[in-house]
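This briefing sets out the architecture of the structure shown below.

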Amino acid sequence: MILRGLVSLFGESKMKSTLQRDIKPLSVPESGVRRRVSVLGSTGSIGRIAVDLLRAYPDRFVTESLISGGKNVALLAEQARCLRAGIAVIADPSAYCELKELLAGSETVAAAGYDAVIEASGNHVDLVIAAIVGFAGLLPTLTALRAGCNIALANKECLVSAGYFFMAEAHRLGVSVIPVDSEHSAIFQALLGANHCLPERLILTSSGGPFRTWPLEKMKNVRPDDALAHPNFVMGRKISIDSATMMNKGLELIEAGHLFDFSLSKIDILVHIEQIVHGFVEFSDGSVLAQLGAPNMTCPVAFALGYPERLRVRSPRLDLMSLKCLHFDLPDEIRFPALRLARQAFSSGNVATCTMNAANEVAVEGFLSGEIGFLDIIETVSETLDHQATGTAKTIEELIDLDQCARDYAQSVMKKHLRP
Ligand SMILES: NC(=O)c1ccc[n+]([C@@H]2O[C@H](COP(=O)([O-])OP(=O)(O)OC[C@H]3O[C@@H](n4cnc5c(N)ncnc54)[C@H](OP(=O)(O)O)[C@@H]3O)[C@@H](O)[C@H]2O)c1
């Protein structure tokens with residue numbers, strides 16, 4: 001329904017996505033010409049990996065903008081000095097003087113505030129690493145896309161909230177969206193070997209999170225520190241909690257639906273404890289292509305940075321002999337209802353997916369600050385979804401209003417769950 005609505009808005013040919021259209025390789029820079037890159041969210045978990053790679057390849061990349069929230073000003077300044085970035089921006093204007101002082105005498109201009117974030121995001125470069133966390137990343141990333149920058153997309157909340165607009169805009173402008181999420185990068189890489197044959201099924205893998213085997217009764221008493229301890233990855237706080245509730249996999253289902261223009265009924269989730277196989281693509285002849293790699297984010301970030309070439313990265317190599325066997329299981333949707341909620345929201349339209357994302361962001365914050373319990377996170381999302389209307393938002397402005405309404409409602413739901 002929403003798809004049809006948008007087809008009439010944007011025109012059918014423009015609704016094709018990464019899968020249907022030819023995956024456009026970024027142009028390979030001529031020898032000696034460096035790829036110009038900006039990093040949105042450079043001080044975060046993904047951003048730091050990207051910065052390390054940019055530092056390791058000064059002959060291949062030149063850094064234009066580094067953007068962050070403002071909680072790690074010293075780190076941002078150090079990154080900017082090392083990479084000799086054109087501009088370093090923080091969203092929080094109160095830390096501007098500190099940033100300016102730290103950058104005094106360097107080649108980097110300091111800037112602060114929301115308008116500066118948007119302006120720097122719109123500087124034209126060859127590739128933007130979009131790694132701001134949450135809905136806050138939507139407008140900066142969309143601004144970069146509209147400036148004609150190819151996007152290496154880590155910020156999944158962008159697609160969950162506004163996937164149709166985002167992908168339609170990418171297609172209209174002819175820019176590439178290269179997934180950074182490891183599962184989507186795996187599928188993207190497997191599809192490169194598909195020779196334009198459409199797959200029948202996609203499979204995303206999941207570690208199952210730290211509470212994969214915990215009974216519900218025990219999950220009631222989970223504390224933030226338990227939930228932040230992901231079994232395989234060191235990640236930002238929000239995505240760590242999303243992994244523990246399995247909302248991360250729900251967000252990734254929707255992300256995959258948009259990136260690959262694929263029905264969610266044909267996308268499966270498999271719990272895979274070792275996190276070695278990141279994604280599978282199954283074809284009509286029963287053949288399955290998969291991408292494997294050690295469980296770390298350096299590989300997918302490096303793939304997106306270098307695409308269509310591969311960088312020589314000093315990351316841990318896969319040792320299949322020491323692994324011996326790999327384990328797979330189905331997710332338990334009773335203990336982890338986020339997967340069901342995500343599928344339902346996707347089939348209801350972008351009002352529901354935007355609402356789900358907003359309520360989840362609020363509830364995760366509420367849990368991290370000790371206001372609500374672990375199981376209250378998904379309960380808050382579910383109650384907010386029940387309350388909000390479904391349907392199709394036709395503009396980004398509508399989605400921004402919806403996001404705020406959903407946040408307000410989720411706050412009121414949380415009050416019912418407040419811990420004594
Ligand atoms: N971490 C992973 O392994 C992983 C894997 C796959 C996908 N992802 C996705 O990648 C995104 C980033 O995740 P992460 O784990 O790297 O998050 P993170 O460690 O929390 O980092 C978030 C980054 O966003 C910046 N930021 C926050 N609010 C901002 C704002 N309003 N304006 C500008 N910058 C802002 C932060 O700046 P400050 O430092 O100043 O707060 C930081 O640089 C998320 O969407 C996540 O789902 C992450």
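Which residues in α12 meet which residues in α15? Met 247, Lys 249, Gly 250, Leu 251, Leu 253, Ile 254 and Gly 257 belong to the α12 side, and they meet Ala 338, Leu 339, Leu 341, Ala 342, Arg 343 and Phe 346 in α15. The model is a predicted one. The chain is divided into domain 1, covering 27-179, and domain 2, covering 187-295 + 320-417.

**Packing of α12 with α15**

- Two packed helices are described by the angle between their axes and the distance between the axes.
- For helix α12 (residues 247-259) and helix α15 (residues 338-348), the axes come within 7 Å and cross at roughly 30 degrees.
- Angles under 35 degrees count as roughly parallel, and α12 and α15 are therefore roughly parallel to each other.
- The crossing in which α12 passes α15 is right-handed.
- Nine nonpolar, two polar and two charged residues make up the contact of α12 with α15.

**Packing of α7 with α12**

- Helix α12 also packs against α7: the axes of α7 and α12 come within 8 Å and cross at roughly 20 degrees.
- That angle makes α7 roughly parallel to α12.
- In this pair, α7 passes α12 in a left-handed crossing.
- On the α7 side, the residues are Lys 156, Glu 157, Leu 159, Val 160, Gly 163, Tyr 164 and Met 167; they meet Leu 251, Glu 252, Ile 254, Glu 255, His 258 and Leu 259 in α12.
- The contact of α7 with α12 has seven nonpolar, two polar and four charged residues.
- Leu 251 and Ile 254 of α12 take part in the meeting with α15 and also in the meeting with α7.

**Packing of α2 with α3**

- Helix α3 (residues 73-83) packs with α2 at an angle of about 20 degrees, and their axes are 10 Å apart.
- The two helices, α2 and α3, are therefore roughly parallel to each other.
- A left-handed crossing describes how α2 passes α3.
- Val 51, Leu 54 and Arg 55 of α2 make the contact with Gln 79, Cys 82 and Leu 83 of α3.
- By class, the residues of the contact of α2 with α3 are four nonpolar, one polar and one charged.

**Domain arrangement**

- The C-alpha centres of domain 1 and domain 2 are 25 Å apart.
- Domain 1 gives 18 residues to the contact and domain 2 gives 20 residues.
- On the side of domain 1 that touches domain 2, α7 and β7 (177-179) each supply at least two residues.
- The most is given by α7, with 10 residues.
- That side of domain 1 divides into 11 nonpolar, five polar and two charged residues.

**Ligand shell**

- How many residues surround the ligand, and which are the closest? The ligand is surrounded by 31 residues, and the closest are Gly 41, Gly 44, Gly 69, Ala 154 and Gly 236.
- Two or more residues of the shell come from each of α2 (45-56), β2 (61-68), α7 (156-173) and α11 (237-245).
- The classes represented in the shell are 13 nonpolar, 12 polar and six charged residues.
- Both domain 1 and domain 2 contribute, with at least three residues of the shell drawn from each.

**Backbone features**

- Most residues other than glycine have a negative phi, and most peptide bonds are trans.
- Arg 84 is not a glycine, yet its phi is positive, at about 50 degrees.
- The loop between α3 and β3 (87-90) holds Arg 84.
- Tyr 307 and Pro 308 are joined by a cis peptide bond, with omega about 10 degrees.
- Pro 308 is placed in the loop between α13 (298-306) and α14 (320-323).

Notes
Residues numbered from 1 in each chain as written. Predicted model: local features only at pLDDT ≥ 70, side-chain atom pairs only at ≥ 80, totals over all residues. Near = placed C-beta within 6 Å. Helix = DSSP H or I, 4+ residues; strand = E, 2+ residues; numbered from the N terminus. Nonpolar A, V, L, I, M, F, W, Y, C, P; charged D, E, K, R; others polar. Domains from an automatic or database assignment. Axes fitted to C-alpha atoms, helices over the stretch in contact; angles between N-to-C directions. Parallel < 35°, antiparallel > 145°, perpendicular 65-115°, else oblique. Left-handed = near helix turned anticlockwise from the far one by under 90°. Contact = placed C-beta atoms within 7 Å.
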